[in-house]
Amino acid sequence: YVNKAGFEHFKTPFWQTLAYHTDHAEWVGCSLWDMIQPSFMFMVGTALAFSVASRRAKGHSFGRMLAHGIFRGVALTFLGIFLMSSWGPRTNWTFDNVLTQIGLGYPLLFLLAFTRVRVQVLTVALILVGYWAVFALYPLPPEHFGYTLVNVDAAWLKEHGLTGFAAHWQKNSNLGWAFDYWFMNLFPRPHQFWGAVGGYATLSFIPSLATMTLGLLAGELVRDPRFSQFKKFAILLVAGLVGLGLGWAIDRAGICPIVKRIWTPSWTIFSAGWTFVLLAVFYLVIDVARLRFWTLPLVVVGMNSIAVYCMSMLLKPWVRDNLKRHVSNDIYNVFGQPYARMTEAAIFLLFCWGVCWWMYRKKVFIRI
């Protein structure tokens with residue numbers, strides 16, 4: 001925000017809001033960027049409902065489908081580790097990115113797809129209550145806890161730290177951190193693991209399973225022929241509004257803060273609420289009103305979501321550097337230096353979409 005560099009207009013509420021929603025919340029809270037992962041995981045569950053029904057109709061046995069479900073979980077887990085290791089000198093054994101989190105929970109999600117709705121609802125409730133309880137029962141950090149040692153500096157703690165009962169979900173001093181302090185040091189590492197810089201935790205895959213199970217419930221509802229389209233829309237919308245209200249109320253009551261980075265129960269409920277609302281709107285527009293003329297750009301990406309994710313993890317530096325090399329060093333400053341990062345992101349998005357468009361036209365779809 002140095003005015004002589006042309007950043008003075010970034011002090012306006014518009015740019016501050018835009019900056020907040022194009023990055024993850026520091027700890028408590030929810031930005032638009034935060035909603036990418038829970039929406040993706042929710043839709044994994046939604047898609048599974050249709051996948052299982054399709055494979056049953058083709059006569060696939062349970063054993064065959066179970067073997068594929070286990071393979072998919074293992075493959076996604078190791079793909080996530082591979083991608084997170086791409087720019088390092090050695091394997092980065094980490095289990096807190098979106099692919100590893102899906103992979104760890106996917107076999108259990110697959111088994112839940114063969115249970116009744118009441119079992120799925122009960123499972124979600126048990127996961128959320130149990131996950132809340134174990135964090136709440138884990139001892140609070142002592143007064144002179146060494147936060148600097150676990151990658152939490154004093155300035156950050158002063159601005160974003162939690163106090164009172166909420167401190168059970170404090171960054172890198174909670175149950176998820178304690179588990180990783182033991183678990184992550186079981187793997188070969190160049191130095192001891194003290195805590196993830198971002199505060200992410202392996203155990204988040206447990207409440208993430210609740211997110212995917214809620215998506216599974218939504219998928220089964222959309223498939224259910226017993227309900228009319230408008231009733232399905234109404235149920236999805238009401239579920240979303242209830243989730244938003246309940247998640248917000250749990251946070252405001254001081255029972256459990258909304259923290260995406262460790263997937264707190266309140267975050268699980270709140271983010272699922274947004275996803276239910278979005279699914280309701282898309283269902284109304286696309287399936288009920290049948291206004292589909294605008295959906296092709298989304299379909300092109302959605303048909304190759306794994307490919308897009310891999311490109312985003314592997315090709316971003318390559319695209320950035322080659323455009324500078326072959327076009328101009330100032331290509332990202334075409335709209336001015338303050339907009340360089342957004343311009344770079346937009347160009348890379350167009351590149352990924354172009355690759356997906358080519359794959360779509362050639363009927364090349366990468367699936368696991």
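**Reading cavities, pockets and rings**

Mentor: Let's start inside: K316, V319, R320, Y332, E344 and F348 line the second largest cavity. This is a predicted model, in which local features need pLDDT of at least 70 and side-chain atom pairs count only at pLDDT 80 or more, while totals for chains, interfaces and linings use all residues. Residues are numbered from 1 along each chain as its sequence is written, and side-chain values use heavy atoms, with hydrogens and water left out.

Trainee: What is a cavity, and what is a pocket?

Mentor: Rolling a probe the size of a water molecule over the atoms shows where empty space is left. On a 1 Å grid over the protein atoms alone, a cavity is a set of points where a 1.4 Å probe fits but cannot get out. A pocket is an open set with protein on both sides within 12 Å along at least five of seven lines, and lining residues have an atom within 4 Å of a point. Points are joined across faces, edges and corners, and a volume is the space filled by probe spheres set on them. Here the count is two cavities of 30 Å³ or more.

Trainee: Which elements give two or more residues to the lining of the second largest cavity?

Mentor: Those are α13 and α14, where helices (H or I, at least four residues) are DSSP runs numbered from the N terminus. Helix α13 gives the largest share, three residues. The space in this cavity is about 30 Å³. By class, the lining has three nonpolar, no polar and three charged residues; Ala, Val, Leu, Ile, Met, Phe, Trp, Tyr, Cys and Pro count as nonpolar, Asp, Glu, Lys and Arg as charged, and the others, Gly among them, as polar.

Trainee: Which residues line the largest cavity?

Mentor: Q37, D96, Q101, Y200, A201, S204, K260, R261 and W263 do, around about 50 Å³ of space. That lining divides into three nonpolar, three polar and three charged residues.

Trainee: What volume does the second largest pocket have?

Mentor: About 730 Å³. Of its 33 lining residues, V117, Q120, L217, A218 and E220 are the closest to the centre. Two or more lining residues come from each of α2 (36-57), α5 (117-137), α8 (205-223), α9 (229-252) and α10 (265-288). The lining has 23 nonpolar, four polar and six charged residues.

Trainee: How many aromatic pairs does a search of the whole structure find?

Mentor: Rings of Phe, Tyr and Trp (its six-membered ring) pair if their centres lie within 6.5 Å; planes under 30 degrees apart are stacked, over 60 edge-to-face and the rest tilted. The search finds 28 pairs. One of them, W318 with F351, is tilted, at 6.5 Å centre to centre and 55 degrees between the planes. W318 is in α13 (residues 316-326) and F351 in α14 (residues 340-361), 33 residues apart.

Trainee: Why does F351 count as partly exposed?

Mentor: Buried means under 20% relative accessible area, exposed over 50%, and partly exposed in between (1.4 Å probe, protein chains only). F351 has 27%, so this residue counts as partly exposed.
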